Amino acid sequence: HFQTVICFLWPKGAKQAPQSNDAVAPTWPASGAELSASLEHGRVVLRWNAATDNEGVYGYDVWRQDLGVWRRLSALPGGVTQFHDATAVGGVEHAYRVQAYDFGGNRSEVSNVASVRL
């Protein structure tokens, strides 16, 4: 029994990822991603500079370090350059980083690490 799967990361409603021969990874601006983490209304708010790519940045992966292990927290569309982490635990220092990706699946270097304590 097979089911049709509609992917949520690629063009909404598509049944197949877009085709691309792109081999060039997204890059951060000369100043870098400049990822920052702050506390606003009890949530961690992350902000960063947009990456660029020859075919376009398709999205960003947001990573959080928990007990020394980096885990992907969320995948965001390419036009988004901020994230609200409402799952961060009080009394703990959380470290974050982001990574851009394009239609071809190429990934940028990871951003700088930004930390915050609730």
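User: How is a pair of aromatic rings described, and how many aromatic pairs does the count come to here?

Analyst: Happy to start there. A pair of aromatic rings is described by the distance of the centres and the angle of the planes. Rings of Phe, Tyr and Trp (its six-membered ring) pair if their centres lie within 6.5 Å; planes under 30 degrees apart count as stacked, over 60 as edge-to-face and the rest as tilted. By this rule the count comes to three aromatic pairs. One of them is stacked: the ring centres of Trp28 and Tyr60 are 6.1 Å apart, with the planes at 20°. A word on the source: this is a predicted model, in which local features need pLDDT of at least 70 and side-chain atom pairs count only at pLDDT 80 or more, while totals for chains, interfaces and linings use all residues. Residues are numbered from 1 along each chain as its sequence is written, and side-chain values use heavy atoms, with hydrogens and water left out.

User: Which parts does the pair of Trp28 and Tyr60 tie together?

Analyst: Strands here are DSSP runs (E, at least two residues), numbered from the N terminus. Trp28 lies in the segment before strand 1 (36–40) and Tyr60 in strand 3, so the pair ties together parts that are 32 residues apart in sequence.

User: What is the geometry of the rings of Trp48 and Tyr60?

Analyst: Their centres are 5.5 Å apart and their planes at 65°, so this pair is edge-to-face. Trp48 belongs to the loop between strand 2 (43–47) and strand 3. Ring pairs join Trp28, Trp48 and Tyr60 into a cluster.

User: Are Trp48 and Tyr60 buried or exposed?

Analyst: Buried means under 20% relative accessible area, exposed over 50%, partly exposed in between (1.4 Å probe, protein chains only). Trp48 is buried, at 5% relative accessibility, and Tyr60 is buried at 0%. Trp28 is buried as well.

User: Where does the charged end of Arg97 sit?

Analyst: A charge sits over a ring if NZ of Lys or CZ of Arg is within 6 Å of the ring centre and within 35 degrees of the ring normal. The charged end of Arg97 is over the ring of Trp70, 4.2 Å from its centre. Arg97 also lies over the face of Trp63, at 5.8 Å from the ring centre. Trp63 itself is in strand 3 (residues 57–66).

User: Which residue has its backbone oxygen 3.0 Å from a polar side-chain atom of Asn106?

Analyst: That is Asp22. Asn106 lies in the loop between strand 6 (93–102) and strand 7 (114–117), and is buried at 16% relative accessibility.

How values were computed. Helix = DSSP H or I, 4+ residues; strand = E, 2+ residues; numbered from the N terminus. Polar contact = N/O pair within 3.5 Å; in protein donor to acceptor, adjacent residues only side chain to side chain.
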